[in-house]
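Tutor: Please look at the sequence and structure below. We shall then discuss single residues before turning to the chain.

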Amino acid sequence: MNNGEPVPYHTLPSEEVLKLLETGADGLASSQAAERLARFGYNELAEAPKISALKILLRQFKNILIMILLLATAISFLLGEHLDAWVILGILAACAILGFYQEYTAEQAALALKKMAAPTAAVIREGKELVIPAREVAPGDLLALHAGDRVAADGRLLSQFNLMADEAVLTGESSPVAKKVEPLPQEDAPLGHRWCMVFGGTVITYGRGLAVVTATGMNTEFGRIARMLAQMEDKKTPLEARMDAIGRVLSAIALAVAAGASVLGVFRGHGWLEMLIWGISLAVAAVPEALPAVVTGALSIGTTRMARKNAIVKRLPAVETMGCTTVICTDKTGTLTKNEMTVRRVFLDGRDLEVTGMGYEPAGAFLENGREMDPTSDSVLQQAARIALLCNDACLEEEGGAWKLRGDPTEGALAALGRKAGIDPFKLGLELPRVGEIPFASERQMMTTMHREQGRFWAYVKGAPEGVLARSARIREREGERALTEADRNEILKQAGKMAGQALRVLGLAYRPLAALPDPEPETVEKDLVWVGLAGLMDPPRPEAASAVAKCHRAGIRVIMVTGDHPDTAGAVAREIGLVEPQGEVPYSPSPLRGDGQGGGENQGPVISQSLKENGLKGNIQKTGHWPLTTSHYRVITGAEFNRLSDEELKEILKEVRVFARVAPEHKLRLVNVLKDQGDIVAMTGDGVNDAPALKRADIGVAMGITGTEVTKETAAMILADDNFATLVAAVEEGRAIFDNIKKYLIFLLSCNLAEIFVLTGAFFMGMPLPLVAIQILMVNLTTDGLPALALGVDPKAPDIMQRPPRSPDEGVFTPSVNILLGVISLYMFLTLVGVFYYYFYWNPAEGMTATRPP
């Protein structure tokens, strides 16, 4: 067993991997497994300490203003001023309870959204397949993998049969990845390209396989990301920093004025105890007791509003931080898109048909030249729909008003297509029961099923267009079948290339009548096919994504897509939602289709590098290692190109580039760091474990509630319960409104408090007694200051709030105009109230104290 540097298992033959891990075809012996568990530990991530209710409560008192008030309370108790002390404590308790309730309930909501990790794993030990708790899997164990399994640990494949894995939580790749046993030549291949490896936490969507465990627990790819998180420190939000600064200023003023006036009073002959009590009163006058209450109240109300819009805020200050966000870095899959594959176009019988609807819900129409057609009256479309439903292992079920998929996402999209065409899949399955099949294989890139219909047999085929087309001899048209010509083949390939250029995953559909049921061998069944048509699929943008992006643009917020998906797919979604302009775009021309039927293969080189060459721009990144800073025509950067950029080059192209594709966790983290170095307030969304380090580093980490992993939910400051980008934009709007209200409150409150300081100190220096005693000061601050200010804290948002540019995170409340306003109001109140007190005091001191209070 290796104890040194990590071993690149993906580059080694499987036999050598078994030798290195000291295991064999029969797996580990029970004694070996126990020894390795003792040596390497259980297969689980080190849990972060849970935030206790007591810690959440104590966190409410981490504020310098509250500290001063607590000190004043303690001194009041010591001096016997119990009423003053209890009033202050009551105010502080109300603030703490309100803040505690909001943050504690948010933590509980986050806990309720957690997903269970793989509880069990199938392993082979001593030649027998056993089901054991996933935490007991050890390095060297043999994992038996089946469709639907959540992989328990990282492993190197030893054998596989049509194995496909959903690795979106780790790499961001929206489509399942086809796995192979052969090693890779590149040691630094990205995780998404390591086809001979499986990773803990990912899900097997198709086929079966056998893998030897290479890493468990904190040594897995998930564990590596968890270690990155542990090394990062939490930082204060802009609101917390701003309130701390205001608290420090107010506290310094209060203490300086109180101490100076008290010392001066002692020198003038007053007793020190009298001056100490008076100094406390003056300090209380300067400190706005209602400040924590109103700020907490405004944030709590904002949190409640956002919860109604499916945004759960785990920490109250995060609400306001959303309001000064300048950049939103968002994932694509499931956030800007619905994370449900959908057939968008079909090409059959020389016609290009648009398919409406989204996701797995079988609601939509077929449009020909923009006009809706009747799918039930089109024989070719009906045949395509039959193939889509019958050559399919997925199942769509309606649960609670939503359609859920059991099976592969691509097959789910085809199942929805068949239903949109008006065919009942259950009735069709009874009419044409499946009697044989040839499963999908990466070598053939197709799947075939055989069905019986009243004594006749049919073969239905779907797969990569070039493969299915090569095995076709005839073509289906509305008039019937005819021979497939070379012109037909060229037109089909042209249309397939057009679809691939639109980032659609392209599949070919065909069938063959059979005289009898043959052996299920590709050589005997998958020939002399009748070509039907093409289906173009993708994970489409959410309907509300485009309007949400447009709202961000109007508000001066940059939106950057950061995804692990293919550059073509990312670019197509970005154009459709208006993230980049279609004008001036240089199309990425897919030559031969990729093996999985998706256009624009990796072997064609990075998107930007190719495009630069087409435009004659100098400084090709692959040749020089430097990025040409002329990027006005380009909006997609791949992870490989990202690695070649210096921080300065990255800062320059961020002025133009809005889409990053094929990125790794390190890229997301570096992107956040560069943006923050530029002074941006960054919100980062994510759902997979790969997103967690960037979420923690960002000013606002936003996790997905439905697809998000437990790690991202624990790391994030906010959770989107509906995984919707539009919900995030609504949170930004709410954050801006909250800052506006807090600013109104502070202007109102501080003008009253400054007037109190002027009145108390002015009367003192003029030789008059205190106009107000401590308890009166508290009641004035709470009733005439706090309650009206609380009303300002819940003011409705301004209509133009999302038409303004983001405010600078350094922008304070006290601008020059605000300072002048505060001075004028305070001086006016000082002159008025001192005059009133002077007039009434000589008639009746009690009346003088009653009449003297800020209005």
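Predicted model: local features only at pLDDT ≥ 70, side-chain atom pairs only at ≥ 80, totals over all residues.

Student: Leaving aside its neighbours within four places in sequence, with which residues is Thr342 in contact?
Tutor: Residues are numbered from 1 along each chain as its sequence is written, and side-chain values use heavy atoms, with hydrogens and water left out. Contact means heavy atoms within 4.5 Å. Beyond those sequence neighbours, Thr342 is in contact with Gly357, Met358, Gly359, Ala413, Lys420, Gly536, Leu537, Met538 and Pro540.

Student: Is Thr342 buried or exposed?
Tutor: Thr342 lies in strand S10 (residues 342-348); strands (E, at least two residues) and helices (H or I, at least four) are DSSP runs numbered from the N terminus. Buried means under 20% relative accessible area, exposed over 50% and partly exposed in between, with a 1.4 Å probe and protein chains only. Because its relative accessibility is 1%, Thr342 counts as buried.

Student: What distance separates the C-alpha atoms of Met164 and Val203?
Tutor: Met164 lies in strand S4 (residues 154-166) and is buried at 10% relative accessibility. Among the residues that Met164 touches, not counting those up to four places away in sequence, are Pro176, Val203 and Tyr206. Although Met164 and Val203 are 39 residues apart along the chain, their C-alpha atoms are separated by 8.7 Å.

Student: Why can the buried residues of helix H18 be said to line one face, and within what arc do they fall?
Tutor: The buried residues of H18 (residues 545-554) are Ala545, Ala548, Val549 and Cys552. In an α-helix there are 3.6 residues a turn, so residues three or four places apart point the same way. The arc is that of the directions from the helix axis to the C-beta atoms. The buried residues line one face of H18 because, seen down its axis, they fall within an arc of 100 degrees.

Student: Which elements are included in what covers the buried residues of H18?
Tutor: Just after H18, Gly556 takes a positive phi of about 75 degrees. The cover over the buried residues of H18 includes strand S9 (327-330), strand S23 (558-562) and helix H27 (725-765).

Student: What is the phi of Arg662?
Tutor: Most residues other than glycine have a negative phi. Arg662 is placed in the loop between strand S25 (659-661) and helix H24 (665-677), and it is partly exposed at 21% relative accessible area. Its phi is a positive value in a residue other than glycine, near 55 degrees.

Student: What kind of aromatic pair do Phe77 and Trp86 form?
Tutor: Phe77 is partly exposed at 29% relative accessibility, whereas Trp86 is exposed at 55%. The two rings are 5.4 Å apart centre to centre, with 90 degrees between the planes, and the pair is edge-to-face.

Student: How far apart in sequence are the parts that the pair of Trp458 and Tyr511 ties together?
Tutor: Trp458 and Tyr511 form a tilted pair, 6.0 Å centre to centre with 55 degrees between the planes. Trp458 is buried at 13% relative accessible area, and Tyr511 is buried at 2%. Trp458 lies in strand S18 (residues 456-463) and Tyr511 in strand S21 (residues 505-514), so the pair ties together parts whose separation in sequence is 53 residues.

Student: What percentage of the residues in the chain is buried?
Tutor: The secondary structure of the chain comes to 30 helices and 28 strands. Of the 855 residues in the chain, the buried share is 55%.

Note on methods. Phe/Tyr/Trp six-rings, centres within 6.5 Å; stacked < 30°, edge-to-face > 60°.
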